[in-house]
Amino acid sequence: MTADTTLANPVDIAYLITAICFIVGLSRLSSPKTARLGNRISALGMLIAVVAVLTQGIVNWLVVGAALVVGAAVGIVSAQRVKMTAMPQMVALFNGAGGGAAALVAAGELLKLYHTGQPVTYDVSFTSVLSAVIGALSFAGSIVAFLKLQEVMTGRPITYPGQQVVNALLLLAILVSWGFVVAGSPDALSYFFVALGCAFVLGILFVLPIGGADMPVVISLLNSFTGLAAAATGFVLGNSVLIIAGALVGASGTLLTVLMGRAMNRSITNVLFGAFGAIKTTGAAGGAVKQHNVRSVSADDVAAMLAYANEVIVVPGYGMAVAQAQHSIRELEAQLEKRGVEVKYAIHPVAGRMPGHMNVLLAEANVPYTSLYDMDDINPEFERADVALVVGANDVTNPAARTDKTSPIYGMPILDVDKAANVVVLKRSMNSGFAGIDNPLFDDPKTVMLFGDAKKSIDGVVAGVKALS
């Protein structure tokens, strides 16, 4: 009996290494300390996969080379120029591109089989339509999400009479057309394009009724859709690494969607069909705009309050990201620590519109990871804190989530800033947050407001603390 000396296919080995890189890279993204390394490992895996594919016989090297150059240029420029505040919409845009690519590849493969007269088996026709439909839906939905977050169109839910009926009819048309394609109808290609077109329209109508406050959850869900589309395309092409990568994206996107829903104490069905934010919450007086009774203070007043505190908890929010105030906050932390003040950071799971947004910004300013606390860990600390410094956060600090059963955010876990001895809120104006509802925290007798750009306000507070030294 002789030993099998057959060497493994180099491409299969490359795909195996790629899969390992993706899995290891994804596991490293769970912590700010290792996230950058995780990105690099995943990027290496993608590079290996691309090189392996290029060895499989390219029809037109000029087209492939041009696509690689254009794609690399767009990726590099985007990574360098897009602000952190625009990261959610960039994720939506890139995710849409992935879904569209999966749909085009699946459609191209199916067209090739029909035009060359090759037999189209049930598994190929089934997965081709699956990939194209999910990819088109993800592409169209992601573009709408991008337009909402970029404020090219309104972020409010867009609803119309009978929208669920229309969506149901589109879904039915997709399923019927899908069935005709799989059954091998003489007009299979026509039915395929009907399914593709209906999926595209459904993707638009699917996202239009969803408010901007829920858009991060939708982006995560659409990301999982794109992963499923890519995995289905992998079955069409017989490409194992595409199946693995798509499955990883689909699973991680689904898990993130569930976690974000839990962080807001809202079910996925409520997010998708609740039209959250369609009607602005108003005061009780017949729809009149609520008049706030707030106390406005100066930067020097806040400086004195912080300088003589024992413990300060900073609550960063989207306003901090817009103003790029993280470096100023780090300087404020350094000045307070010189005076013996303990400074901690409270991070809400969905602060800044996307999970991990605040962690990345603060890590960029060299804030120690040990100073960052998740909501469940930091909430008991507020009762012992002398000052809670809220920098541009709104909805995640709204106590109406605990007490007002009529509030759209009732039941959503929040940061318990109102339990601190004193609360300082930094805002540009009294405008409502992303969810479009009033925040009774601003009317709390122990709350003071420091109005203006967050960075300029913090810089003024830093100068005030230094003057007290």
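Q324 is partly exposed, at a relative accessible area of 33%; here, buried means under 20% relative accessible area, exposed over 50%, and partly exposed in between, with a 1.4 Å probe and protein chains only. Everything here comes from a predicted model, in which local features need pLDDT of at least 70 and side-chain atom pairs count only at pLDDT 80 or more, while totals for chains, interfaces and linings use all residues. Residues are numbered from 1 along each chain as its sequence is written, and side-chain values use heavy atoms, with hydrogens and water left out.

Back to Q324: this residue sits in the loop between α12 (318-323) and α13 (326-338), where helices (H or I, at least four residues) and strands (E, at least two) are DSSP runs numbered from the N terminus. Its phi is positive, about 55 degrees, although Q324 is not a glycine. N366 is another non-glycine residue with a positive phi, near 65 degrees. The loop holding N366 runs between α14 (357-364) and β3 (372-374), and N366 counts as exposed, with 61% relative accessibility.

Zooming out, the protein has 17 helices and 6 strands. Of its 469 residues, 46% count as buried. Contact means heavy atoms within 4.5 Å, and among contacts between residues at least 6 apart in sequence, 78% join residues at least 24 apart.

Next come the cores, a nonpolar core being a set of buried Ala, Val, Leu, Ile, Met, Phe, Trp, Tyr and Cys residues joined through side-chain atoms within 4.5 Å. The largest one has 36 residues, and L306, L332, Y345, L389 and V461 touch the most other members. Helix α17 (residues 454-468) is the top contributor to this core, giving 5 residues. Once residues up to four places away in sequence are set aside, Y345 touches V314, I329, R330, E333, L362, V367, S371, L372 and Y373. In soluble globular proteins, nonpolar side chains tend to be buried together.

How do α5 and α7 pack? Helix α5 (residues 122-149) meets helix α7 (residues 188-207) at an angle of about 30 degrees, and their axes are 7 Å apart. Axes are lines fitted to C-alpha atoms, for helices over the stretch in contact, and angles run from 0 to 180 degrees between N-to-C directions. Angles under 35 degrees count as roughly parallel, over 145 as roughly antiparallel, 65 to 115 as roughly perpendicular and the rest as oblique, so α5 and α7 are roughly parallel to each other. Their crossing is right-handed, the near helix being turned clockwise from the far one by less than a right angle. On the α5 side the contact includes S128, V129, A132 and K148, and on the α7 side F192, A195, A199 and L202. By type, the residues of this contact split into 17 nonpolar, 3 polar and 1 charged; Ala, Val, Leu, Ile, Met, Phe, Trp, Tyr, Cys and Pro count as nonpolar, Asp, Glu, Lys and Arg as charged, and the others, Gly among them, as polar.

Two more residues round out the picture. P88 belongs to helix α4 (residues 87-115) and is buried, with a relative accessible area of 1%. I268 is in helix α10 (residues 268-273) and is partly exposed, at 27% relative accessible area. Beyond its neighbours within four places in sequence, I268 is in contact with V217 and T257.
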